[in-house]
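Subject: Model handover

Hello,

Here is the model I said I would pass on.

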Amino acid sequence: MNFDQAKELSFLVPWKTAECFTGPDCWCRIILPVEPILYNHPESPDVKHEYFIVDAGALDQETAEYFVDLHNSCLERIAQITPSNQELLNMIDKRNKIVSDAMVKILQEKPIDKDCGISQ
Ligand SMILES: [Zn+2]
């Protein structure tokens, strides 16, 4: 995985905040994926680097936590929407199947009246 792939993947996974090397008393917090994303740099292909969304010294704790909450709640909403949409599609499919089965049954039992004009 290269840097761009790591970045792309990072948008799809939950984030967390973490303390920088200075420790809990530092004003800043880093933002990183909950599960580490490792990537290779072209200049050092054998070394795995951990991808950080926001590195140390850029965001204060409150803002970092705000962004993480925003991102994670957005992911949760997407996860909630997708299965229910799928469920809805399955219900529509199932209903269409019932309707089309019923129509076939009716048409087989009672052929279209050729005199009604609609079938011409
Ligand atoms: Zn810091």
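Confidence. This is a predicted model: local features need pLDDT of at least 70, side-chain atom pairs count only at pLDDT 80 or more, and totals for chains, interfaces and linings use all residues. Residues are numbered from 1 along each chain, as its sequence is written. The average pLDDT (the predictor's confidence in each residue, from 0 to 100) is 82 for the chain, and 69% of the residues score at least 70. Residues 116–120 have pLDDT below 50, and that stretch makes two contacts in the model beyond near neighbours in sequence. A contact here means that the C-beta atoms of two residues, placed from the backbone, lie within 7 Å. Where pLDDT is low, the predicted coordinates should not be read in detail.

Fold. The chain has two helices and four strands, in the sequence order α-β-β-β-β-α. These are DSSP runs numbered from the N terminus: helices are H or I with at least four residues, strands are E with at least two. Of contacts between residues at least 6 apart in sequence, 52% join residues at least 24 apart.

Strands. β1 and β2 pair in the antiparallel sense over four bridges; pairing requires that DSSP finds at least two bridges between the strands. Trp 15 has Pro 33 of β2 as its bridge partner. Strand β1 (residues 15–18) has Trp 15 and Thr 17 on its covered face, with Lys 16 and Ala 18 on the uncovered one.

Core. Buried residues account for 9% of the 120 in the chain. Buried means 20 or more other C-beta atoms within 10 Å of the residue's own, exposed means 12 or fewer, and partly exposed is in between, with C-beta atoms placed from the backbone. The largest nonpolar core has eight residues: Trp 15, Ile 30, Ile 31, Leu 32, Ile 53, Leu 59, Ala 64 and Val 68. Leaving aside neighbours within four places in sequence, Leu 32 contacts Trp 15, Lys 16, Ala 18, Phe 52 and Ile 53.

Loop. Gly 57 sits between β4 (44–50) and α2 (61–109). Gly 57 counts as exposed because 11 other C-beta atoms lie within 10 Å. Its C-alpha atom is 8.1 Å from that of Cys 20, 37 residues away along the chain.

Regards

Conventions:
Core = buried A, V, L, I, M, F, W, Y, C linked by C-beta atoms within 7 Å.
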